[in-house]
There are 2 protein chains.
Amino acid sequence: MALARDVLQKKYRTTTLLEKPVRQYQEGTLPNQYSLSPTEKILVDLIRKYGEFSKSDLVSFTDFSRTKISTCIETLLDKHIIVVNDVTEYTGGRRSKKYSLNGDFGLVAGVDIGATSIDIGIADFSGKLVARYTEPASVKDGPIRILGRICTLLEILIKENGSELHHLHGIGLGVPGPVDFSVGLLMTPPIMPGWDHYPIIPTIQQWFPSANIVVDNDVNVMAIGEMHQGAGKGVDNLIFIKIGTGIGAGIICEGKIYRGSNGCAGDVGHISVDHNGPLCHCGNRGCLEAIAAGPAIASRSLEAALAGKSPALLQYYESNGHILRAEDVGKASKEGDVLAIEIVRESGKHIGSVLASLVNFFNPGMIVIGGGVSNIGDLLLSSIRQAVLRRSLPLATRDLQIVFSETGPDAGVIGAINLAMDNIFVISSSRSEQATE
Amino acid sequence: MALARDVLQKKYRTTTLLEKPVRQYQEGTLPNQYSLSPTEKILVDLIRKYGEFSKSDLVSFTDFSRTKISTCIETLLDKHIIVVNDVTEYTGGRRSKKYSLNGDFGLVAGVDIGATSIDIGIADFSGKLVARYTEPASVKDGPIRILGRICTLLEILIKENGSELHHLHGIGLGVPGPVDFSVGLLMTPPIMPGWDHYPIIPTIQQWFPSANIVVDNDVNVMAIGEMHQGAGKGVDNLIFIKIGTGIGAGIICEGKIYRGSNGCAGDVGHISVDHNGPLCHCGNRGCLEAIAAGPAIASRSLEAALAGKSPALLQYYESNGHILRAEDVGKASKEGDVLAIEIVRESGKHIGSVLASLVNFFNPGMIVIGGGVSNIGDLLLSSIRQAVLRRSLPLATRDLQIVFSETGPDAGVIGAINLAMDNIFVISSSRSEQATE
């Protein structure tokens with residue numbers, strides 16, 4: 001989706017943030033959330049998940065009485081959270097109205113902060129994407145510049161859509177580092193200088209006081225996206241593994257993201273594969289990341305290419321201006337280069353053997369593979385699959401699916417939008433139901 | 001707790017099961033459960049967890065209004081599920097009544113079927129153990145004999161307690177094999193010939209038609225016991241690892257037992273430690289179980305003893321009638337035998353390195369170590385701890401506790417009683433609340 005040219009030409013405005021008037025925002029103000037009764041929340045989640053629902057569908061899915069569902073639907077219609085869809089077709093039997101989320105209720109933004117890019121998507125409440133924008137940006141520029149730029153872009157995108165800032169009800173952010181989700185703070189992120197404990201939420205809240213803002217680790221966000229809109233739809237227990245510069249996992253457990261006791265669950269890149277292996281930036285030897293992530297694939301290939309073992313890889317190296325990347329190795333493997341094939345297989349075998357352990361432990365229904373290195377393609381996937389099947393118990397792999405991410409380059413944005421949506425509707429303290437139970 | 005002598009002398013009565021009249025039991029009859037409203041269920045769970053609660057405690061814990069809590073308490077008192085405790089002391093401020101579960105409401109049994117023993121405990125609804133009994137039994141005798149014996153023992157224990165069979169509201173069973181919990185069936189258990197898909201629940205239901213019966217894997221049951229009454233009280237995310245003849249794990253995730261997509265989560269004994277290691281009975285090489293469980297410790301020690309490397313181990317071997325067990329290695333290590341110490345350390349290191357991977361992935365708040373081999377003691381524990389700390393990420397181990405099980409030899413029985421209690425009170429379909437919300 002194209003932005004007006006003047007936007008693209010705008011430089012980072014580091015001062016903007018400070019000039020911006022602090023509107024309603026105050027320290028300690030609760031983020032903007034909508035309280036629903038437990039039953040309303042269940043119905044909204046179901047409608048969100050399946051897109052459209054009739055009363056009869058809801059009765060058969062939930063075990064609630066028709067009376068109760070009717071009452072809740074009236075309330076949700078009154079609150080403008082859901083709408084009745086046009087019934088255009090009569091398919092026999094009784095004509096039944098379908099309900100879906102009200103797109104006009106407001107907007108939700110998903111922001112994916114990568115190491116070298118900012119990705120933004122804005123959707124309406126029905127989940128329809130109304131704006132999508134990407135630009136290169138270095139996360140090393142620090143939070144003030146990056147967050148300022150993100151707020152500027154959000155404001156422009158919202159206005160271009162003909163909306164007002166207060167129409168933005170939620171913002172989800174994915175960041176490439178460990179996050180304490182409960183407070184929205186990055187915890188000593190290795191590749192993000194200046195971001196440690198930076199107050200991301202209050203900063204953005206100043207620009208968008210009416211938005212409920214949540215921050216999570218990028219892999220968790222991708223796992224959420226995959227569960228809602230990707231390969232993982234309807235799968236209760238899922239491991240999303242991102243293979244890129246590093247290797248990390250997002251865990252969906254019983255239909256919910258699982259973050260662990262300190263919020264750092266899923267850090268599978270530092271599982272030990274070979275105690276005598278190469279040194280990892282974490283200080284240990286032979287971590288999965290140091291053996292099978294993008295840089296490891298590239299450096300092993302480069303070594304072999306320079307030693308004259310692969311003419312194809314050497315050609316990529318020379319035509320790229322003396323750089324060899326994991327994606328080049330992927331291309332060479334597709335062209336039939338024996339050494340590239342061997343390196344990809346080796347990498348898949350290591351990833352698969354770690355996943356085999358996790359399958360024995362966690363018994364997921366699906367493993368989704370994403371991240372830049374996954375573009376290497378089917379050879380990598382089949383090597384991973386073989387290693388998992390060889391080392392896992394038969395019962396644990398009987399129904400296990402191992403697939404590539406379906407959300408692709410949009411994974412982060414889609415996930416962040418869904419993360420925001422997950423946190424907008426909350427169950428009210430039961431006080432509202434107290435008088436009636 | 002001693003049983004009457006005539007009971008102990010009774011032989012297995014394999015025919016009893018068939019003679020027993022099929023009382024109310026019919027295929028498809030729902031097991032005996034008590035429906036509660038969502039709020040009542042929350043209150044009952046809280047009272048169960050903490051033993052005793054005043055109204056003010058409940059208000060501050062739950063966020064429900066005092067009015068709502070009062071209404072629920074009246075209902076629960078009417079149903080005789082809870083009782084008011086005597087207020088014997090006036091501690092200043094307003095005197096407040098305390099509520100606890102009503103022990104007289106009925107009985108719950110926990111049965112732990114081991115490879116070579118049957119363990120039974122019967123508790124009243126307040127959790128107080130009223131009967132405890134153990135006898136040797138080989139699980140290889142098959143389900144008809146073992147289940148017949150269990151039912152006989154349960155009947156005797158109940159009657160000795162001055163109760164009637166219909167006072168038994170729930171039975172929890174732990175079995176040493178993989179279980180599909182949703183149907184209560186063992187799935188191709190390796191050490192239980194004749195038990196595969198055997199209808200355990202209908203069999204026991206014939207004797208105890210008023211009891212709600214649930215069957216689960218023994219390690220899951222131990223994890224549940226540890227969470228409710230052991231070291232894991234109040235810990236949301238926990239891995240219970242049982243080290244005995246085999247190695248398995250029970251996973252508590254967000255305060256609930258996690259069974260995985262096929263019910264086989266926690267099968268950590270077959271995680272690969274050394275691709276060139278000894279052959280495991282599962283067909284793979286170098287599984288954790290084949291390297292670090294009881295038999296592996298014993299056989300490595302025996303080899304060394306026979307080679308003349310450890311006089312202490314040789315002495316145990318000879319005085320035991322030419323058998324060397326893992327517990328002997330433990331004893332020798334405590335007496336300072338260098339080789340025994342090395343073997344225990346080695347075993348702990350392997351277990352710890354697998355746990356380190358799981359800590360990176362799952363980020364639990366606690367690891368509890370149980371099972372027969374854990375009796376080896378502190379040397380094993382410290383070796384495991386060292387290996388976990390060496391290979392896990394600092395954030396994941398910051399608050400991690402690694403401790404021995406506190407439920408000890410009662411782990412299975414306590415867990416099974418709690419498993420049964422977990423499944424007696426269920427949330428009613430919301431129909432009961434329909435008219436009022």
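**Chain A, overall**

I looked up the contacts in chain A between residues at least 6 apart in sequence, and 64% of them join residues at least 24 apart; contact means heavy atoms within 4.5 Å. This is a predicted model, in which local features need pLDDT of at least 70, side-chain atom pairs count only at pLDDT 80 or more, and totals for chains, interfaces and linings use all residues. Residues are numbered from 1 along each chain as its sequence is written, chains are lettered from A and ligands numbered from 1 in the order in which they are written, and side-chain values use heavy atoms, with hydrogens and water left out.

I noted 17 helices and 17 strands in chain A; helices (H or I, at least four residues) and strands (E, at least two) are DSSP runs, numbered from the N terminus. Of the 437 residues in chain A, 57% are buried. The cut-offs are under 20% relative accessible area for buried, over 50% for exposed and partly exposed in between, with a 1.4 Å probe and protein chains only.

**Five-stranded sheet, chain A**

I traced an open sheet of five strands in the order β14-β13-β12-β15-β16 of chain A, with mixed pairing; two strands pair if DSSP finds at least two bridges between them. Its edge strands, each pairing on one side only, are β14 (256–258) and β16 (401–404) of chain A. Neighbouring strands of this sheet are turned by 25 degrees against each other on average, direction ignored. Axes are lines fitted to C-alpha atoms, for helices over the stretch in contact, and angles run from 0 to 180 degrees between N-to-C directions.

Within this sheet I followed β12 (238–243) and β13 (247–253) of chain A, which pair in the antiparallel sense over six bridges. A:Phe240 stands opposite A:Gly250 in β13(A). Helix α14 (378–391) of chain A lies across β12, β15 (366–370) and β16 of chain A, and runs at about 160 degrees to β16(A).

**Three-stranded sheet, chain A**

I found a second open sheet, with three strands in the order β2-β4-β3 of chain A and antiparallel pairing. β2 (53–54) and β3 (82–84) of chain A are the edge strands, each pairing on one side only. Two bridges join β2(A) to β4 (98–101) of chain A, and A:Phe53 stands opposite A:Tyr99 in β4(A). Helix α3 (38–50) of chain A packs on the sheet and touches β2, β3 and β4 of chain A; the direction of α3(A) makes about 90 degrees with that of β4(A).

**Two single residues**

I located A:Ser210 in the loop between α7 (200–207) and β11 (212–217) of chain A. Why does A:Ser210 count as buried? A:Ser210 does so because its relative accessibility is 14%. A polar atom of the A:Ser210 side chain lies 3.5 Å from the backbone oxygen of A:His166.

In chain B I checked B:Thr203, found in helix α7 (200–207). B:Thr203 is buried, with a relative accessible area of 5%. The C-alpha atoms of B:Thr203 and B:Pro143 are 9.4 Å apart, although 60 residues separate them along the chain.

**Interface of chains A and B**

I recorded 54 residues from chain B and 53 residues from chain A in the contact. The area buried between the chains is about 4,900 Å², of which carbon and sulfur atoms give 51%; buried area is the accessible area (1.4 Å probe) that two parts lose on being put together, summed over both.

How many salt bridges are there between chain B and chain A? The count is zero, a salt bridge being a side-chain nitrogen of Lys or Arg within 4 Å of a carboxyl oxygen of Asp or Glu. On the side of chain B that touches chain A, α13(B) gives the most, with five residues.

Key: Polar contact = N/O pair within 3.5 Å; in protein donor to acceptor, adjacent residues only side chain to side chain.
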